[in-house]
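Work through these exercises with the model open beside you. Try each task before reading its solution.

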Amino acid sequence: MANIPVFLTADKQHILIVGAAPAAMAKVGLFLETGARISLVAPGAILAAEEAGLFAENLLLHDRPFSEDDLSGKTLVYIASDDELTEERVVRLAQARKLPVNVVDKPLKSTFITPAQFVRGPLQVAFSSGGVAPVFVRRLRSHLERMTPPSLGVLAEAAGRVRSKIKDIIPDSTRRRLFWDRLYDNAGSYADLPIEAVENHILVAAKNHRVGATSGQVQLVGAGPGDPDLLTIKAHRALQQADVIIYDRLVSRDVITLARRDAELVFVGKKEGNHGIGQDGINDLMITAALAGKRVVRLKGGDPLLFARAGEELAALRAHDIHTEIIPGISAYQGIAARAQIPMTDREYSSSLTLVTGHLKDGAFKDWARLSGEGQTLAVYMGVKSAPKISVGLMEHGVNGETPVAVVENGTRANERRFYGTLETLPTLVAENAVQSPALLLIGDVVKNAIDLNKPQIEHLLHAAGA
């Protein structure tokens with residue numbers, strides 16, 4: 001390690017920043033709210049600060065060239081000047097006084113660097129690669145910042161306020177450590193609460209030997225179509241905090257692996273000829289775990305509010321007055337359309353989109369004629385087995401047999417397969433390629449936009465259909 005990570009006490013620092021370039025303003029903005037005194041020295045310093053909207057009592061502006069006296073009483077020196085002579089002079093004079101000096105974007109001339117960082121209340125996280133891999137540092141910081149709930153800041157501040165009280169309530173150090181650990185895991189449940197309320201929740205939780213704003217809760221979480229990169233940040237956080245995760249067959253293993261290591265994983269997926277524990281059994285699982293004070297994630301493929309029986313689960317949870325949250329997910333049609341580059345609407349081909357499930361209770365849709373046709377796009381979920389009925393039903397109700405069709409199996413996953421044909425050839429397309437669930441059928445002229453297809457292929461498909 002070539003650098004020594006150190007946090008300096010801000011209100012004991014007087015920082016000199018030489019220059020009025022945008023990089024100098026960025027440094028001013030970085031330190032302005034820390035409480036450190038800042039002296040900005042450069043011709044044009046006042047105008048630059050005005051244009052950047054940087055004003056504060058701890059910011060001193062000196063609209064003139066640098067002079068050696070500017071170094072007196074300073075503890076850190078930054079240089080962000082376009083004037084190389086000024087830059088060389090400040091470096092030489094600062095080093096002569098043994099002052100730490102940083103020349104922005106010039107690590108070889110600097111004696112210290114300012115790490116990338118993000119802040120959550122009193123929590124301050126800093127990153128550095130010693131100037132070797134700044135892009136990696138930026139990506140790492142961005143990733144962790146997105147994964148860290150904003151409520152962690154207020155939670156940390158509240159925890160600091162009641163720390164001594166918690167020590168009295170939970171004198172055993174091991175139990176106290178576990179309490180703080182679980183408090184961190186539940187940071188998301190304190191979102192949008194004022195700090196006084198958070199303090200009260202922490203104290204109540206400590207007295208009752210539990211954590212969280214409620215005695216238990218259920219989150220209906222959309223796992224997306226399979227690619228873990230399509231999981232929302234909030235869904236990822238929920239997986240990291242859940243005590244119990246109840247998941248379906250359509251949830252990919254790549255998503256499951258993002259769960260907390262010690263979370264209880266409960267598979268409730270249905271298979272052909274095996275309906276598992278059924279919807280009532282799933283409801284009982286969620287209710288029992290939540291009433292026991294656990295954080296429960298009901299993880300569903302795609303979006304939890306689309307073809308996922310969320311209405312039944314919400315009714316059951318509400319009947320027991322269980323706090324419930326819904327975290328949406330990317331549905332299969334969205335993920336697949338993006339991967340195959342098929343716009344669902346298109347000024348030339350389609351102005352509407354219809355989503356239906358292919359699980360037909362009585363073997364037929366109630367209104368075939370309105371499902372598809374010219375100027376429309378139809379997405380059929382779970383329609384592999386019903387493909388022959390869908391093909392015949394739509395054509396009998398006037399939909400052109402030459403309408404392009406895409407069949408996408410395991411959409412967005414590593415084993416995704418895409419096949420193209422027409423409405424007339426849909427049954428053959430599914431049968432000859434042994435398409436398995438999960439698969440999505442996209443029907444409509446927008447399919448012509450697919451990245452896999454070029455004009456000759458489209459013409460071939462249409463010719464084959466009409467032959």
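**Exercise 1. Which residues of the largest nonpolar core touch the most other members?**

Step 1. Recall the term: a nonpolar core is a set of buried Ala, Val, Leu, Ile, Met, Phe, Trp, Tyr and Cys residues joined through side-chain atoms within 4.5 Å. Buried means under 20% relative accessible area, exposed over 50%, and partly exposed in between, with a 1.4 Å probe and protein chains only.

Step 2. The largest core has 21 residues, and L394, V407 and I443 touch the most other members.

Step 3. Now place the core. Two or more residues come from each of β14 (375–381), α13 (387–396), β15 (404–409), α14 (426–432) and β17 (439–443). Helices (H or I, at least four residues) and strands (E, at least two) are DSSP runs, numbered from the N terminus.

Step 4. Look around V407. Leaving out residues up to four places away in sequence, V407 touches R417, R418, F419, L426, L429, V430, V435, L440 and L441. Contact means heavy atoms within 4.5 Å.

Step 5. Note the source. The model is predicted: local features need pLDDT of at least 70, side-chain atom pairs count only at pLDDT 80 or more, and totals for chains, interfaces and linings use all residues. Residues are numbered from 1 along each chain as its sequence is written, and side-chain values use heavy atoms, with hydrogens and water left out.

**Exercise 2. Give the strand order of the open sheet with mixed pairing.**

Step 1. Its five strands run in the order β13-β14-β17-β15-β16. Two strands pair if DSSP finds at least two bridges between them.

Step 2. Find the edges. They are β13 (350–357) and β16 (417–422), each pairing on one side only.

Step 3. The twist from one strand to the next averages 15 degrees. Axes are lines fitted to C-alpha atoms, for helices over the stretch in contact, and angles run from 0 to 180 degrees between N-to-C directions.

Step 4. Check one pair. β13 and β14 are parallel over seven bridges. L355 has A379 in β14 as its bridge partner.

**Exercise 3. Describe the open sheet with parallel pairing.**

Step 1. Five strands follow the order β10-β9-β11-β8-β12.

Step 2. β10 (264–267) and β12 (323–327) are the edge strands; each pairs on one side only.

Step 3. Neighbouring strands are turned by 20 degrees on average, direction ignored.

Step 4. β9 (residues 244–247) pairs with β10 in the parallel sense over four bridges. V244 is bridged to E264 in β10.

Step 5. Helix α11 (residues 310–319) lies across β8 (217–222), β11 (295–300) and β12. It runs at about 170 degrees to β8.

**Exercise 4. Is I327 buried or exposed, and why?**

Step 1. I327 lies in strand β12.

Step 2. I327 counts as buried because its relative accessibility is 1%.

Step 3. List its contacts beyond four places in sequence: among them are Q219, L220, V221 and G222. T232, A238 and P304 also touch I327.

**Exercise 5. How many residues lie between the strands in the hairpin of β6 and β7?**

Step 1. Strand β6 (residues 116–120) and strand β7 (residues 123–127) are antiparallel over five bridges.

Step 2. R120 stands opposite L123 in β7.

Step 3. Two residues lie between the strands, and G121 takes a positive phi near 60 degrees.
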